[in-house]
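Subject: The two-chain model

Hi there,

Here is the structure I promised to pass on. Have a look at it first, and then read my notes below.

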Amino acid sequence: MPAYTLTYPLLAALSAVLLPFAAFLLTAVLGKKAKHGTISIVAISLSLLAAGYAFTQVWGNTPIHIQWHWFTIGRHAFHVGLLLDNMAVLMLVLVCLIALPVHCYSIAYMRGDPGIHRYWAYLSLFCFAMLGLVVADNLLLMYICWELVGFASYLLIGFWYTRDAAVQANKKAFIVNRIGDIGFLLGIAILHSSFGTLDIQALFGPQGLLTAPMGADTPAIAAEGTITSGWLTVAGLAFFLGTMAKSAQFPLHVWLPDAMEGPTSVSSLIHAATMVAAGVFLLARVFPIFDDTTLLVITTTGTVTAFAAAYFALAQYDIKKILAFSTISQLGFMMVGIGIGMYHVALFHLVTHAFFKCLLFLSAGAIIHGMQHAKEKHQLDIDPQDIRHMGGLRRHMPLTFTTMLIASLALAGFPFTAGYLSKDALLVHAFEWAALHGEAAIAIPLVLVIVSILTSFYIFRLLAKVFFARPSVLANNDIHIHEASRWMLAPMAFLAFCSLFPIFTFHPLNDGQVWLLHGLVAEAPTLPPLRPLHILVPALATAATLVMATLAWRWYVNGHYPIRTKGVLYRLSERQGYLNELYDAIIVRPLLKLSLLLLWIDHHVVDGAINGMATAGRSLAGIAAWIDYHLVDGLIRLVGNLAWGAGHVLRRSQTGRVQQYVALVFFIVLVILLYHIFAQA
Amino acid sequence: MITLTHFLVVGACLFSTGLYAVLSRRNALLVLVGIELMINAAIVNLVAFGRYDKSLYGGQVFALFAIVLAAAAVAVALAIILNVYKFYKSVNPEDISNLKD
């Protein structure tokens, strides 16, 4: 039962959520005076402390739930509140823990930007929305925060709004996310109409209305309402559609590579670590709703996403786009984790991925920062994000190289890193799941293994080209790329530490010892373990990683490059599968044509009708005016003219001479007399 | 034998003379004289027809009444002429044409 009194952990969580909002308001009010970002940084630091306190109080204990009455529509009362369970406090701490280094990093990275006061305001707004999302106790509040993070992301992608590419990118992100938001809203609507409540604990809790055990295809029987299995599938798919857009799943992933137009610090926080993972968090929250069909769809989509994105990452030249596709690919892994029912492992991968992917982006930001400075200093005509222009940066930026290497190893799933624990756990569980689901299901773990190999390849390609390869542009003159400043390196060092195994487990090679999984596993279903795989898969993955590293070294550092860049497969990867072109051809352009048609109809038919009516009215009024002028007025004027004419004639008789008057009178009398005489006669 | 017709002829002559004077004289006083002549023509007629009212002498009485009335009219008309003269320095009716439009 929800509590109604604010205990200290609740208060801490509430303040963790509201502090960034206060910072947002304050920064927004101060406007250009808030350039240094102290307010935002103080707020997020306090949030981290509060979140940490809440975490220590709640983790491993019974969930705390508080509710207040929000509003009532008809008979349905809506509540607002906080739900602090293991998942929520974990995310709460994670978001703060990622956001704080990014804030610090931003001080140096965004220094001197003319719009930096907006930057701090947007960043605080995002933190508020994201923290609100993870502690929301009902789907409606979650949806509001879901939209708010999307909005903050939109603002930050278009932060440099004078660049056309940024404007196009944030428009694209917004529109693609709308498609997903419709799904989320539909899911909420279906649940509400079936059960009359949106409370997460009431719906999905241990004694919730929707406790569908793993693998059961029976309709859930609820006390207050029922839902048929068909609607259950539809609701599950609707929620998944919501996460497909937000977590950039194929084929709705197209917005994420373009979102790299935003500042790199934003990409690291929003588009790598937190917001895009919100979809995974949502799926974990509403997990009991998914039946077998939906889970299969999720697994398949995740696999396809992981593969497609890893493939597209192979031939990208923009350092941030490679990382963006890498993010999409890893989100696909998490989706598979959800789909095979091991959502605690998916969340674990979310956490480790948040650290190392954020670190990858921050390191890339440091490189771009250095390249940008070199470009401005020496008037070079290069794109600072293009890896073809880099090379040999290892000597210029040794610390950035170290952090990036750690993050890359974590991404590749190398032993002693956090990525090794989570990614190989996902792989192993995928095999275990496939063993239960028949022959065809083995395709999914096999594809994931291939994706894992591709991942190693593209990240080592990136490392080789940026840090080891022969310098291309930089070799010609004595250009020195400076190492990033202390404000940037400190957050990177912190995240590099978090990307290693010690904060998750004492046993670097065994994911079974991870405390984080033990915290979540009590609620999560488990698969029958296949012991040999736990050794075989990580060993093979590590071996593959080493092979790929060697291959990348041979191809890109030693110059034995064997691939024709004109090949179909190469171009398919470089042009991101021509998906953008496909969408442009089948959706955007027909839509534009339809809009133009509608515009034409609007102009010629609708406006034409109105203009026609106006013209008809004008003509009618013209006729009426003519009638008025010539007939009505004419009649009046005729009377006037007649009177005037008569007067004009008769005035001649008014001579003013008395004698003439008398003569006239006499004459008239005479006529009358004569008339009478003759009339009588 | 003097018959009614003689009287009426005399009256008509008098009236015509008066009318002529009224219409043609260039002097307001003579116009006034013309008016008096016309009144007197009427009085002659009254007296002449008064023969046929032997009991009450209505014609004679009415003649007397008309004479008095004429005298009063003359008084008023003379006053008007006097004022007109004061104003216009003329008694020619043709000069007094303020009523012309």
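Where on chain A does UniProt place the feature "domain: NADH-Ubiquinone oxidoreductase (complex I) chain 5 N-terminal"? The unreviewed entry puts it at residues 70–119 of chain A. UniProt positions are given in the numbering used here, feature names are shortened, and annotations may be inferred rather than shown by experiment. In the model, residues 70–119 of chain A are 56% helix and 26% strand, with the end C-alpha atoms 32 Å apart. Helices (H or I, at least four residues) and strands (E, at least two) are DSSP runs, numbered from the N terminus.

A word on conventions. This is a predicted model, in which local features need pLDDT of at least 70 and side-chain atom pairs count only at pLDDT 80 or more, while totals for chains, interfaces and linings use all residues. Residues are numbered from 1 along each chain as its sequence is written, and chains are lettered from A and ligands numbered from 1 in the order in which they are written.

How confident is the predictor? The model scores ipTM 0.84 and pTM 0.76. The average pLDDT (the predictor's confidence in each residue, from 0 to 100) is 85 for chain A, where 93% of the residues score at least 70. Two residues are in contact if their C-beta atoms, placed from the backbone, lie within 7 Å. Chain B averages a pLDDT of 89, and 99% of its residues score at least 70.

Now to chain A as a whole. It has 24 helices and two strands. Its radius of gyration is 38 Å, well over the 26 Å that the globule rule gives for 681 residues, so chain A is more spread out than a compact globule. That radius is taken over C-alpha atoms, and the rule is 2.2 Å times the number of residues to the power 0.38. Along the principal axes, the C-alpha atoms of chain A fill a box of roughly 155 × 75 × 50 Å. Chain A is divided into domain 1 (1–137) and domain 2 (581–651), with bounds that come from an automatic or database domain assignment. The C-alpha centres of these two domains lie 61 Å apart.

The strands of chain A are worth a look. Strand β1 (residues 64–73) and strand β2 (residues 76–84) of chain A pair in the antiparallel sense over nine bridges; pairing requires that DSSP finds at least two bridges between two strands. Ile73(A) stands opposite His76(A) in β2(A), and Gln67(A) has Gly81(A) as its bridge partner. Two residues sit between the strands of this hairpin, and Gly74(A) takes a positive phi near 60° there.

Chain B has three helices and zero strands. UniProt, again in an unreviewed entry, lists residues 6–23, 30–49 and 61–85 of chain B as "transmembrane region". Residues 30–49 of chain B are 100% helix, with end C-alpha atoms 29 Å apart. Residues 61–85 of chain B are also 100% helix, and there the ends are 36 Å apart.

Finally, where the chains meet, 10 residues of chain A are in contact with 10 residues of chain B. The chain A side has four nonpolar, four polar and two charged residues. Here Ala, Val, Leu, Ile, Met, Phe, Trp, Tyr, Cys and Pro count as nonpolar, Asp, Glu, Lys and Arg as charged, and the others, Gly among them, as polar.

Best wishes
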